[in-house]
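Work through the exercises below with the model open. Try each task before you read its solution.

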Amino acid sequence: MENHQLELPLGLSDDTHAAPVSTASEALAPAPPLPCRAQAMTVPNEQNSAQKRADALHGALTADTGVDIRLRITNNTSTMMSLRYEQASGRAIVGLHHMFLDAPEPIRKALGTWIQRPRTKSAGKKLEAFIAERRHLIETKTSRRIVLRTKGQFVDLSTLYDEVNGAEFDGTIETPITWGRMPTRRLRRSIRFGSFTPDDNLIRIHPYLDQAFVPLYFIRYIVFHEMLHAHMGIEEGPTGRRRIHPPAFRRREEKYGDYERAIAWMNNEANLRRLLRAPRK
Ligand SMILES: [Zn+2]
């Protein structure tokens, strides 16, 4: 079922984030700037409960440390914990593997200590032991089920991915990327350029973008957009609702160097029509 999301604009699985979608309507309405249909999708219960646990963990860590924390929950395969402080705001940007959602009290306390004083040995030891115990929760799904294809006819996604990872994320993104499967039916009105699926921990880029006329900066921007989703993980909103493109996402995205021209290319109806005409065999 997985690949249906690439051929049916509305057939996404609920937890698939998605990507910029553009629609070429007969009425020639301008393509909307960066709509993600996923915003309108219902959030499944499981996600709600993960969200609640993320909120609870966030609340506990904030109370324990008195630090302004932004928490993202990851499904990383090797970096289970990450921490950096934003210079300007003093806010702690904390990334934690979802195994920590169920962490017992002593582990939460150790996390608090680590956030305040990352080099504290006793806390570090506790956290390492906890991670070792929960190794089985670290995903390897992707390698088992999905064959990754990064080399296209024109574009090698792994090159773009590595460039963006280095330039934008200090090389911290671990979510694999692949060209999506070629749709079996012709796309007519819309194309989802890319997607990030937390459950598979996978970024897919639409194979129609692998064409000579599609500028590299546009594909690179789509890759960046999806990597940013992987980077930000589950965003804890104040209302407990999961937000696909929260303001922080938008701000970060707008700072991306090629943002303006990528959006301009995407909003050019002629480009969209050409894409929808479907590519070479
Ligand atoms: Zn998106």
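**Exercise 1.** At what angle do helix H7 and helix H9 pack, and how many Å apart are their axes?

Solution. The model is predicted, so every value here is computed from it. Step one: find H7 at residues 216-232 and H9 at residues 259-267. Step two: read the geometry. The angle is about 105°, and the axes are 9 Å apart. Step three: classify it. Angles of 65 to 115 degrees count as roughly perpendicular, so H7 is roughly perpendicular to H9.

Step four: list the contact residues. H7 supplies Tyr217, Phe218 and Tyr221. H9 supplies Tyr259, Arg261, Ala262, Trp265 and Met266. Step five: sort them by type. Seven are nonpolar, one is charged and none is polar.

**Exercise 2.** Find which strands pair with E9, and in which sense.

Solution. Start with strand E6, residues 177-179. E6 runs parallel to E9, joined by three bridges. Here Thr178 has Arg204 as its bridge partner. Now take strand E8, residues 194-197. E8 pairs with E9 in the antiparallel sense, over four bridges. On this side, Ser195 stands opposite Arg204.

Next, inspect the hairpin of E8 and E9. Four residues lie between the strands, and Asn201 takes a positive phi near 50°.

**Exercise 3.** Which way do the residues of E9 point, and are they buried or exposed?

Solution. Walk along E9, residues 202-205. Leu202 and Arg204 point one way. Ile203 and Ile205 point the other way. Then check burial: all four residues are buried. For the protein chain, buried residues make up 32% of the 281 residues.

Notes:
Residues numbered from 1 in each chain as written. Predicted model: local features only at pLDDT ≥ 70, side-chain atom pairs only at ≥ 80, totals over all residues. Buried ≥ 20, exposed ≤ 12 C-beta atoms within 10 Å, placed from the backbone. Helix = DSSP H or I, 4+ residues; strand = E, 2+ residues; numbered from the N terminus. Pairing = 2+ DSSP bridges. Axes fitted to C-alpha atoms, helices over the stretch in contact; angles between N-to-C directions. Parallel < 35°, antiparallel > 145°, perpendicular 65-115°, else oblique. Contact = placed C-beta atoms within 7 Å. Nonpolar A, V, L, I, M, F, W, Y, C, P; charged D, E, K, R; others polar.
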